Structures are given as structure tokens and as C-alpha cells.
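Try each task before you read its solution.

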Amino acid sequence: MYFWVKIDKKRGLTIKRLPDKKGYFGNYGGRFAPETLIPALDELEKVYHASKKDRGFQKELLLLQRTYIGRPTPLYFAHRLTGLLAGAKIYLKREDLAHTGAHKINNAVGQALLAKKMGKTRLIAETGAGQHGVATATGAALMGLECEIYMGTDDIARQSLNVFRMKLLGAKVNEVSIGSRTLKDAINEAMRDWTTNVRTTHYVLGTAFGPNPFPAMVRDFQSVIGKEAKKQILFAEGRLPDYLVACVGGGSNSIGLFHEFLPEDVKMIGVEAGGRGVDTGDHAARFAGGSVGVLQGTKSYLLQDEDGNVLGTHSVSAGLDYAAVGPEHAYLKDTGRVQYTYAHDEEALNAFELLSRTEGIIPALESSHALAEVIKFAPRLSQDKIIIVNLSGRGDKDVQHVARIKGVLLS
Amino acid sequence: MSSRIAGKFREIRRKNSKAFIPYIMAGDPNIKRTCELIRILEDCGADIIELGVPFSDPLADGPTIQKAAQRALDEGVTLKKVIALVAELRLNTQIPIILMTYYNPIFKYGEERFALDASASGVDGIIVPDLPPDEADNLIKYSRKSRLDTIFLLAPTSTDIRIHKVARASTGFIYYVPITGITGAKLSPDSSVESHIAKIRSVTDKPIAVGFGISTPEEAAGISRFADGVIVGSAIVKRVVEPDEELKNYLLSLRNAIQ
């Protein structure tokens, strides 16, 4: 829970706590879920709030963060990239170095711990890029829980390495071949499974989306990213950064970085997937091309047609290929606190290669969207400015996909 | 003024019978067939018709209705067209019609305008499976104004607080889902249906109809012993392209089982 400070001209300073009791961030959020799930969501909300005050739970989580996930992850000064772009100083928050290779593990381990507390014996999850599926399968193995993952046929094809990883970790991977065959349909299937098996199963939603309390809960588990980054930049530079940059699919890595800095004088940029171009319709830039709607439990910005049906999306990165965005981001967009932009497939692919060559770090294609924005605007800033980019995941999972795009045959 | 749905339930109670409520997807496989099907359903003794509005992401539906929705969307069927379809049907029939739609199409249409237009075209009630009463203040307000019944759902997981809340917000009838699951799932035979319905009856005298998972005349007969109405969806949707005689036989077997 954070305190959002807003200047009200008539009454002076007002302070708002978000989300409100019904899970709203301003006009966005809420709990648009089938009646069958409402008691489970009520219970989850109660257990999650209690866990925040439960010192035993927090101690257990902290121990796992340190000894299992490998936190704190480093804040690395990318000196070669900074030199090449000849502008602001660029720091990378190295979530790619967290166990399983992305920020997703922060949330998955937290929710697995909660599920265990609630006496659930089975975890389910959706996955796009496969990172959240791997993270949930890992959390399930760690806690000794059963695990099933839903993944779209198209995503299975482009992230086959992660599919095999999930299986190695003991999870069952269910292929979703209806609809767009990507993340959105995997969420629908996971919600159907949860509705059916709600008594024994916890749904580990992977992003800051879905019915209340998921958006706030996932944010809170991910906010460790920003808390660490704040300490680390103060240690390295003696001051706060000027900019934060992160990619936005559902929005969990970005809100995880931004959250701690919201009351501070720090500019923030969220980067969506511009795909083949916002004019082509082949993209996932919800703020640039969407409107307000309700999907999968929450009210937010959504790519939809005039009759309220959800449109297909495209992105080179499976993790950003989604028609809606977390409700807190919708709120931050409307209030102007965070600026949202997008990067095209090609720009992300160029950033993917550039970081690999200049820093010896292969970034996830998702994170490459954030880097693409940095490549655009860092050179325009003076050298005393500081940017922190969330390197939300590593690119090993994308290597085969990129090779295919480049026409390189791997045996 | 009492609604057409409430009136129908009173009439059925007087006859000491139970309501047969079939569900079909509007526009599956096309609008012309939907019009034919409504006549067939009425001829075979349907009391109320539940008309599905196709949506791209039907997360409370199983594979049968998901595919039906996809076929209807491919036909270009939208909420607007379904409302127009009901207006056309009203030239020939006075059977109560309920729309079952997900929330986003209504939200996009505009709740106030939707309630006005739906009611004006002859829609009697709405079921929105992803809209619990907690989020339905506006839709309830506009539906009351337009005399549109709002039918909310209860499930085996519902707590006492939820039962009170849903019973209060529902008009026309209360929709009880006897399984944890999605449409078209298998009905597991246990005694909990009876006890759950008894629990709901202890807080309300509104009619209770049961749907999800009912596909055979035996199941329909079993449920109709406790409920005021039986809703059959996926099992009918599977049969809408069968020859009319076979479909009618199936519908009549359901009708005769629900007493």
C-alpha cells in the first residue's frame, strides 16, 4: 500500500491510499469475476493483508528472497552503453540475474507462500513468454505443490525452451489453442480452471492485473525491485535518478520499479509493444490505441472494437503481447504521473543486439523495449542525468526466436 | 408493475410446475437459424429463453459455448444486432427473453443506453456472469428504471453474506450454479444442490433456477425437484444444427422431465 500525494488547490495537501477498499485505482481496477470465485478472492485478500503484518511470513519471504531468489539483484552502471550513447548515465537493474532469469520469481514465490498458508495443494498459472510459468513451476517445486501452466499455442512455438523448463520442474503444460492462442487466452483458461478447482487451487496470476486483490498484491511482491534500486542508486550516486524506464505488458516489472519512487521527484516512462506499428493494428500499445473496458476481472485500458470485443495483438515479445494493461498503470497514465510510449519490434530487436554486444548482457525481448526507448532519449540528455532501466529478464529464452527472425538455422 | 419473468414464474407456480429455460447463442450458426430455433423452443414448451450474446473472451463458458460464440462473431453478430433481433422476434412471440452477455459489451455500449434499448426492444432480463452485484450499481440502477430484470448468480462456494447480497440484487429469479465450474461441465451427483437451494430459500422467496452442467432429462428431472426452473445450455447448443425432428425430441424429453 502506498501513499499517493496529490496537491488539491482548495484544501491544500490531500493524501490518497491506493487501491481503495474495492480495489480501485481511481476509475480503474475492481473485481469483475464470476460469483464462484468471489469467496476465494475475499479469502486471498484477507490472507494477503494479514501476511503484510505477519512478521513470520515476512521473515520467511525475506529469507527466500536472499537465499533462493538471489536478492538483492545488482544495480549495474552500463558504462559502455552510456559511452556509446554519449548522454545520460545508464544503470541497469539486473532482474535478469534473479533465479529463473526474470522478475517473475518475486511474485511467484510470494504467492506460492501465501497459497501454502491458505492450505491449497495446487498452483495454476498463465504464461506468455514462459518466464512466469517457469517461476510458478519453481515456486510449486519449492513448496511441494502440484502445478499446471496454461500457455497459448503460438507462445509455445516461440518459447519452446521455457516449455521444456516447466516440464523439468514438474509442471504440466496445457496448450491453449482457442482465440488468439497467446497470453489473453491462457488467462481465460486459467480462470476457467480456477473456477472449477477453486477449493484446492490457487491461481498465481503473473502480472499486476486481474480482479482485486491481484493488481495490488502482485505490485507489492514486485516492489522489492524499486526499494532495492532506491538504496543502490543512493549508494552509487548519492542521489535519486532522473528517469526510470521499464517495459509494460501487464505491468508488473514496471510497477515493481516505479512504486517506491512514486512520491519522489523522478520521471517515469513505461514502454509498450509497438509491434509492426500502431497504425497497422499489429501491436499491443493499449495507451496509444486502446480505450477503457473490462477484461479478465478488471477495468483498464483495452484494445477492443466498437462492440466491446477484444482485438488481436502482436508483439515480437510474447510477454508484452497482451490486449489490456494493469489498472494502476491506467491510473498513472490519466494522472500524468507516468509517461507511456511504445517501441516497435525492430527497435526492440536492435536494442537486444546492441546491449549484447556493448555490455555482454543478452536482455529479454520484453526488456529490450525499455532499452529501445533509452537508446532514443538518453543521447538527448546531459551527462549528469541518471536513468535506471529495469532489465526485467534475460534473453536466453529468446535466442532461438531471434535466430529464426534473422534467418539463422540452429541445429 | 411486475415483470414478464416474474409473471411467468407465478403462472408456473400456480400450475404446480417448473420452468424450462433453454439457452442458445444468438447468431449461431446464423441469425435466421436463431429465429427458427426460438420458434422450435417455444413449440417444445420453453417458458423463458436465454439468448447468449457472443463475446471474444467468454471466461465462464466451456468449449461448446466458446465455439458457438466464435461462430456467431464470425457471422458479425454484436450486442447491437442481438437487441435488434429481439425487437424483430417480438412481432411473433411474447415469451420472456433474457440476454446472457459478458460485461464489456454492455460497458462499451453504455449501461444507461443499453438498458433503455434492450427494454424497448422487448428484452426482459439480463445475466452477466462476470459482473457480481458489488460492481453492478449502475447497471442495476438503469435496469430498474427501464424495467429490465437483473439476474445474478450464486455458486456452491457462496457464503451467507453473498447469498444475502445476490438475493437482494436479483429480480426475476436467482441463477444457482450447482457446480464449481464453467458451462457444459459435468454435473457431479451429490446432495449439496438440495441443501444449497434450501439455504437460499431461507433468505428469499424469489424463484431459483439452476443451470450449468445439466444435459440429460434425468439430470433435469433431478434438479427440478428442488428448483423453480432448469436452465439447459451447452447440451442444446451442441444440437442446434441437427435435423429439427431430433432436436425437438430432445427438447420435449427435457420439457417432460422438468415438472
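**Exercise 1.** Classify A:Glu260 by its relative accessibility: is the residue buried, partly exposed or exposed?

*Solution.* Take the cut-offs: buried means under 20% relative accessible area, exposed over 50%, and partly exposed in between (1.4 Å probe, protein chains only). A:Glu260 has 23% relative accessibility, so it counts as partly exposed.
Now find its partner. The side chain of A:Glu260 meets that of A:Lys230 in a salt bridge (3.8 Å, N to O). A salt bridge is a side-chain nitrogen of Lys or Arg within 4 Å of a carboxyl oxygen of Asp or Glu.
A:Glu260 sits in the loop between α11 (252–258) and β12 (267–275) of chain A, and A:Lys230 in helix α10 (residues 224–237) of chain A, so the pair ties together parts that are 30 residues apart in sequence. Helices (H or I, at least four residues) and strands (E, at least two) are DSSP runs, numbered from the N terminus.
A:Lys230 has 15% relative accessibility, so it counts as buried.

A note on the model: it is predicted, local features need pLDDT of at least 70, side-chain atom pairs count only at pLDDT 80 or more, and totals for chains, interfaces and linings use all residues. Residues are numbered from 1 along each chain as its sequence is written, chains are lettered from A and ligands numbered from 1 in the order in which they are written, and side-chain values use heavy atoms, with hydrogens and water left out.

**Exercise 2.** Which parts of chain B does the salt bridge of B:Asp28 and B:Arg71 tie together?

*Solution.* Start with the distance. The closest N and O atoms of B:Asp28 and B:Arg71 are 2.6 Å apart. Next, place the residues. B:Asp28 is in the loop between β1 (19–25) and α2 (31–43) of chain B, and B:Arg71 is in helix α3 (residues 63–74) of chain B, so the bridge joins parts 43 residues apart in sequence.
Last, check accessibility. B:Asp28, at 2%, counts as buried. B:Arg71, at 37%, counts as partly exposed.

**Exercise 3.** Find the salt-bridge partner of A:Arg158.

*Solution.* The partner is A:Asp155, with the closest N and O atoms 2.9 Å apart. Both lie in helix α6 (residues 153–158) of chain A, three residues apart, about one turn of the helix.

**Exercise 4.** How many salt bridges does the structure hold over all chains?

*Solution.* The total is 48. One network of salt bridges links A:Glu35, B:Asp134, B:Arg162 and B:Lys165.
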